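Below is a short briefing for a reader who is new to this structure. Please look over the sequence and the model before going on to the points.

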Amino acid sequence: MNYLDFEKPLAEIEGKAEELRALARSNPGMDVDKEAAALDRKAQDMLAQIYGALSPWQKCQVARHPDRPHARDYVEALITDWMPLAGDRAFADDHAVLGGIGRLDGEPVVVIGHEKGHDTKSRIRHNFGMARPEGYRKAIRLMTLADRFGLPVVTLVDTPGAYPGKGAEERGQAEAIARCTETQLSLGVPIVSLIIGEGGSGGAVALATANRVLMLEHAIYSVISPEGCASILWKDSERMREAAEALRLTASDLIGLGVVDRIVREPLGGAHRDPAAAIAAAGEALRAALADLRGRDRRDLREARRRKFLEMGSRGLAA
Amino acid sequence: MNWISNYVRPRINSIFSRREVPENLWTKCDECGQMLFHRELAANLNVCTHCGHHMAIKPRERFKALFDGGVFTEVKVPEPVADPLGFRDQKKYVDRLKEARRTTGEKEAMLVAEGEVGRTPIVAAAHDFAFMAGSMGMYVGNAVIAAAERAVELRRPLVLFSAAGGARMQEGILSLMQLPRTTVAIQSLKEAGLPYLVVLTHPTTGGVTASYAMLGDVQIAEPGALICFAGPRVIEQTIREKLPEGFQRAEYLLDHGMLDRVTPRGQLKDEIVTILRLLLREPAAVKGDLPAPEAAAAPPETRAAE
Ligand SMILES: [Zn+2]
């Protein structure tokens, strides 16, 4: 278990409980059940307390937690007949964006998601979830495929942002993002987006221009990272806590602003404590959103999506 | 002491002290260092007469040079919710807005206008980089939408001049939502069969580049303009290597296939008219400076008197 800085007291208690149990294992006949259970209860209470009152910056930390389930985990658990499809047909296959066709509850869908990777090797392979233009162009290709065959599109958003690299810029990062957004606004099939971790700026909205935008309870979605915002507006990247606060990047703030349609509750202590439960809850939410959009005609889906974004922001933060 | 010496003269002095003291008669080119006579620079549309460097130009100045006879009508932009997040960093966002309004004399970071260019009716929109780095928040989003809607209503092409540091951070996620929001507007323009021409000017970065500024039917840039998604400093920090000379500049993008043309400011008007009239299948344009449409429409004897 990787503990975050604000989970230190929790780490102590859970560590003690674990020590106690280890002691019992090496000393048969020693009864620690009662004490260990008491420590477990204490840990649970503390977990509820900490996670019931996460600050925006703490949510950023949870959203970026290394053990948090990533797009691949959702696909593996929720999608059957999974057929990954690769490449942008122009330059490369971007491993920061996974995509393919498969079934959600038996229904064929196209799934596209940012993938961050789970250890050093895979993180490098997936470029930490930071897509290059090829990733967005692959997404465009798969969305167009979905449109041609009438398949709903599900996107899983989890990126620190589009990759700020030399080649990425030379090959038109901005253009790729713009076209990806434009493509979603043209599709005649349902699009449902779920923000599972970090919704980092243009690189995130490029995959989240959907009929329904869902968001995990501790995910974040922002125009800029709190560190980036702090270094520009506070001239000090260490002021990220204040920036995280000011940016209104939590799920509940985004519901208030009408940017997100539904919050998907996470298990106690965050998705990383019980990935299976988090993924199951996400699956339920995706099914419900798709069911809600099923049977609507192409024009209606497209127009509703356009209207949704056109009207966004007209009321500000509901006080 | 009378009214004139008490009131009028100090005011005149203050006008003079702001504009006409010798050091303000001259502008130093930030590229070649040449001292340029202010009036000469303005006549050359803020392009250095010595080295050709393109400096920022206010939307109003640009429109005066663009539209026939310098005549245009502003298109009204719906007012968004002010300060939607109640944002405050070291300063309150509302105070930053007030300050920007005071220093620029403009309401926000984009100006939208309609008029004729080479006798071709168009709608034009231009970022004002002097207003909070031309950044895109709800107002700029509304301005792009208003421009596209007006173009559709009048069945005219839209010409957009971009110059922005990106999204307006102080409007948080709502500034990010301007990417899809403005794209909807551009789509309705295109679906109406109307040309959308983008002129990218220095600098155009971030979310503006990643939305309406990259979706033109034709993409033109001014020479030397920085055009990018991520800025060069961010990239250097990420990849830890020096970037090549001219990286992310207009000419570099042209070489990499990201633009149609790079055109000096002085030639933009003729080029815009030519392209638009070709796309509209209109007869070739009369080029050069034309009088305002009203003057042209007046009876011949009035015109002869000019
Ligand atoms: Zn110069």
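**Helix 10 of chain A**

Lys235(A) follows helix 10 of chain A and has a positive phi, near 55°. This is a predicted model, in which local features need pLDDT of at least 70 and side-chain atom pairs count only at pLDDT 80 or more, while totals for chains, interfaces and linings use all residues. Residues are numbered from 1 along each chain as its sequence is written, and chains are lettered from A and ligands numbered from 1 in the order in which they are written.

- Helices (H or I, at least four residues) are DSSP runs, numbered from the N terminus.
- Helix 10 of chain A covers residues 226–233, and Pro226(A), Gly228(A), Cys229(A), Ala230(A) and Leu233(A) are buried in it.
- A residue counts as buried if 20 or more other C-beta atoms, placed from the backbone, lie within 10 Å of its own.
- The buried residues of this helix pack against helix 3 (56–63) and helix 11 (240–247) of chain A.

**Where the chains meet**

- Chain B places 41 residues in contact with 43 residues of chain A; contact means that C-beta atoms, placed from the backbone, lie within 7 Å.
- On the chain B side, helix 7 (172–176), helix 8 (178–191), helix 9 (206–209) and helix 10 (232–239) each supply at least two residues.
- Helix 8 of chain B gives the most to that side, with 6 residues.
- By class, the chain B side has 26 nonpolar, 12 polar and 3 charged residues.
- Nonpolar means Ala, Val, Leu, Ile, Met, Phe, Trp, Tyr, Cys and Pro, charged means Asp, Glu, Lys and Arg, and the others, Gly among them, are polar.

- Ala151(B) lies in helix 6 (residues 138–154) of chain B, and Ala151(B) is buried because 28 other C-beta atoms are within 10 Å.
- Beyond four places in sequence, Ala151(B) is in contact with Val123(B), Arg156(B), Pro157(B), Leu158(B), Leu189(B) and Leu194(B).
- Leu158(B), with residues up to four places away not counted, touches residues including Ala147(B), Ala148(B) and Tyr196(B).

**Domains of chain B**

- Chain B is divided into domain 1 (1–55) and domain 2 (56–296), with bounds from an automatic or database domain assignment.
- The domain centres, taken over C-alpha atoms, are 26 Å apart.
- Their contact takes 7 residues from domain 1 and 10 residues from domain 2.

How values were computed:
Contact = placed C-beta atoms within 7 Å. Buried ≥ 20, exposed ≤ 12 C-beta atoms within 10 Å, placed from the backbone.
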